[in-house]
Amino acid sequence: MKKIGLVDCNNFYASCERAFRPELRNRPVVVLSNNDGCVIARSAEAKTIGIPMGAPYFKWRTVIDKNRVAVFSSNYALYGDLSNRVMKVLFRFCPSVEIYSIDEAFVDLSGVPGGADAFARRLKATVESWTGIPVSIGIGSTKTLAKIANRFAKKHARSKGVFDLTSSPDPDLVLRWTPVCDVWGIGSRHAKKLRREGVENALDFRLLKRNWVKKKMTVTGLQTLLEVRGLPCYDFAAGPPPKKTIVSSRSFGHPVFKQSDLLEATAQYTTRAAEKLRKQGSVTSNILAFLQTNRFKLGEPQYSNSISIPLPVSTAHTPTLIKAAVSGMERIFRDGYGYKKCGVMLSSLEPANGRWLSLLDLPPDDHAQHTPLMNAVDACNNRWGRDTIKFAASGINGTWRMRREMCSPRYTTVWEELLEVK
DNA sequence: TCTGGGGTCCTAGGACCC
DNA sequence: TCTGGGGTCCTAGGACCC
């Protein structure tokens, strides 16, 4: 039997903030989303206080202040770097690793020396001592069961952070203890539907008929059912597959009324999206620009729109993409609205080498000139930091930029912000 | 004042073609 | 007036994940 381990960092963003501030140990910590909008990570103490995931900061402000909760704006440079460090430890000790998200990875623990449970405990201790990030490890015969085991490991103090469902004396007990909404692949909508049918937990779910599940939850639901029964449907993937669409968008710190500000933001987001595009070695032949007002402000006039701009030649050339996105945005912009958000989406992605050229293409000057230029820009920005070289269309100090009033230093990625030891 | 951002997959339905 | 049926492609919307 295959033994799949799921290594999951505990309260990842909150743990990252704590890694460099031992004085925060045992203190409640929360991390906020962009614009300091809502809570997206909580330490164990913050969960105990009762602050829910996604809680709007302004609504919970009194509770947070009263309990002396340490509050941080999100600092993705820091989290990304600590994530890389955790993953490096996994690659060093595990024969096969699949990075699943910034704070999770699947590892193959079949036939590891000393047995899966003991191996996982050593792995956990090593990650924690080398990176300062606490992790939990769940082991199951499928990814979905590994997820269930991981949840059990986190919530049951007696498991000490590692739980092997494949060698459990009573796996059904664990399934019965897992609410159906906590099964990987079953969200709140389907959970509600299932509970109406009397399905409360993972064990009830496992006993359902295949046809019924397929009819009510489509083939994705059926895959979840089979995985819970121990039949693997999701394989290990060596690296992350290339993205099929790339989105870059952001809410503004304040409502934006001016077209020029919106166009600057559009240029900035397009720059970000194009960077991601080149990083995965792709080119795009379609860019979509969209904007919207604040849908929570019921009394105010609402407007949202999007426009898709096909490109005659697939490209990853930032100026070409900015030109297309900005001209699209000019067309859908309407005066008189306070915009809350805008963004771009790149789709119809193809690998940069071996793309189709249209019959109308001139000799691809893209390759002759654009590619070396973009390579040089990327190299500078990787070496000296994001936006060392930027495009004039993005402006300098637009009022549309995000609020991040409580950001921790970028301890690990910027020299000036290194931790000082006195 | 203040309620994230970035993805994937599936299905239904319309447009269009023969 | 009558006006089938099958295929493909695209899009919007729903559901899910972290």
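Biologist: Over the ring of which residue does the charged end of Lys143 sit?

Modeller: A charge sits over a ring if NZ of Lys or CZ of Arg is within 6 Å of the ring centre and within 35 degrees of the ring normal. Here the charged end of Lys143 is over Phe236, with 5.7 Å to the ring centre. Arg151 is placed over the face of Trp177, 4.7 Å from the centre of that ring. This is a predicted model, in which local features need pLDDT of at least 70 and side-chain atom pairs pLDDT 80 or more, while totals for chains, interfaces and linings use all residues. Residues are numbered from 1 along each chain as written, chains are lettered from A and ligands numbered from 1 in the order written, and side-chain values use heavy atoms, without hydrogens and water.

Biologist: How many aromatic pairs are there?

Modeller: Rings of Phe, Tyr and Trp (its six-membered ring) pair if their centres lie within 6.5 Å; planes under 30 degrees apart are stacked, over 60 edge-to-face, and the rest tilted. By this rule there are 16 aromatic pairs. One of them is the edge-to-face pair of Tyr76 and Tyr79, at 5.8 Å centre to centre with 80° between the planes. Both residues lie in helix 4 (residues 76-93), three residues apart, which is about one turn of the helix. Helices are DSSP runs of H or I of at least four residues, strands runs of E of at least two, numbered from the N terminus.

Biologist: Is Tyr79 buried or exposed?

Modeller: Buried means under 20% relative accessible area, exposed over 50%, and partly exposed in between (1.4 Å probe, protein chains only). Tyr79 is at 0%, so it is buried. Tyr76 is partly exposed, because its relative accessibility is 37%. Phe93 and Trp130 make a tilted pair, 5.8 Å between centres and 55° between planes. Phe93 belongs to helix 4 and Trp130 to helix 5 (residues 116-131), so this pair ties together parts 37 residues apart in sequence. Phe93, at 36%, is partly exposed, and Trp130, at 47%, is partly exposed too.

Biologist: Which way do the residues of strand 2 point?

Modeller: In strand 2 (residues 29-32), Val29 and Val31 point one way, Val30 and Leu32 the other, and all are buried. Two strands pair if DSSP finds at least two bridges between them. Strand 2 runs parallel to strand 4 (residues 70-73), joined by four bridges, and Val31 has Phe72 as its partner there. With strand 3 (residues 39-42), strand 2 pairs in the antiparallel sense over three bridges; in that strand the partner of Val31 is Ala41. Six residues separate the strands of this hairpin, where Asn35 has a positive phi near 65°.

Biologist: Which residues come nearest to DNA strand B?

Modeller: A residue counts as near if one of its heavy atoms lies within 4 Å. Of the 22 residues around DNA strand B, Thr245, Val247, Arg250, Ser251 and Lys340 come nearest. Of the DNA strand B atoms within 4 Å of the protein, 74% belong to sugar and phosphate. By class, the surface near DNA strand B has five nonpolar, nine polar and eight charged residues (nonpolar: Ala, Val, Leu, Ile, Met, Phe, Trp, Tyr, Cys and Pro; charged: Asp, Glu, Lys and Arg; polar: the others, Gly among them). Strand 9 gives the most to this surface, with six residues.
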